[in-house]
Amino acid sequence: MKTVITYGTFDLFHVGHVNLLKRAKELGDRLIVAVSTDEFNLQEKGKTTIVPYEHRVKVLESCRYVDMVIPEEGWAQKEHDIQKYAVDVFVMGDDWLGKFDELKSLCEVVYFPRTQNISSSEIKNALSVLAYINKELT
Ligand code: C2G
């Protein structure tokens, strides 16, 4: 069985995430997704999410391309995960191009092109503009 793994926040789940997960699953038989915990996002990425960790896990578990969801609690867990789950392929979007090449000694590393014109932060910004307009109009 060929195992693929990818990591991310997956806040405000959108088509860019779906495209990545679909492509990742097409590389193997089993796709594991490591979802950043709220603590990891805040402490290590300096970002807060709209959707809490538990809900982001449930959304990913409902995705047809995802076979297993595990927590991402730190930058350094990837090597351990690759060995623990006998991972064959590590996948990320190309906004991370080259950042995880050290994992090439453990498994194949693939960076897929990001889906253009969609991101969780763009959705967040749009929502805050709408909330502002709504507040001004009422
Ligand atoms: N992605 C994409 N196209 C988009 C948006 C995101 O292909 N329009 C990809 C990203 O490249 C990433 C995955 O979807 O591979 C998840 O994106 P994020 O939730 O933004 O992940 P990030 O916060 O970058 O966390 O250890 C790795 C980090 O946890 C990655």
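The questions and answers below concern a predicted model of a protein chain with a ligand.

User: How many helices and strands are there in the chain?
Analyst: Read along the sequence, the elements follow the pattern β-α-β-α-α-β-α-β-β-α. The count for the chain is five helices and five strands.

User: Which radius of gyration does the chain have, and why does it agree with a compact globule?
Analyst: The C-alpha atoms fill a box of roughly 55 × 30 × 30 Å along the principal axes. For 138 residues, a compact globule would have a radius of gyration near 14 Å. The chain agrees with that value, because its radius of gyration is 16 Å.

User: Which element gives the largest share of the shell around the ligand?
Analyst: The space taken by the ligand is the largest pocket. Elements that give two or more residues to the shell are strand 1 (3–8), helix 1 (15–25) and strand 4 (89–93). The largest share, three residues, comes from helix 1.

User: How many charged residues does the shell around the ligand have?
Analyst: There are 21 residues around the ligand, and Phe10, Lys47, Glu72, Asp95 and Ile118 come nearest. By class, the shell has seven nonpolar and eight polar residues. The number of charged residues is six.

User: What share of the area that the ligand exposes when taken alone does the protein bury?
Analyst: An oxygen atom of the ligand lies 2.6 Å from a polar side-chain atom of glutamate 72. A nitrogen atom of the ligand is 2.8 Å from a backbone N or O atom of threonine 115. Taken alone, the ligand exposes 640 Å², and the share buried by the protein is 95%.

Conventions. Residues numbered from 1 in each chain as written. Predicted model: local features only at pLDDT ≥ 70, side-chain atom pairs only at ≥ 80, totals over all residues. Heavy atoms only, no water. Near = heavy atom within 4 Å. Polar contact = N/O pair within 3.5 Å; in protein donor to acceptor, adjacent residues only side chain to side chain. Areas by Shrake-Rupley, 256 points an atom, 1.4 Å probe, with all protein chains shown as cover. 1 Å grid on protein atoms, 1.4 Å probe; cavity = no way out; pocket = protein on both sides within 12 Å on 5 of 7 lines; lining within 4 Å. Sits in = over half its atoms within 2 Å of the grid points. Helix = DSSP H or I, 4+ residues; strand = E, 2+ residues; numbered from the N terminus. Nonpolar A, V, L, I, M, F, W, Y, C, P; charged D, E, K, R; others polar. Rg over C-alpha atoms; globule rule 2.2 N^0.38 Å.
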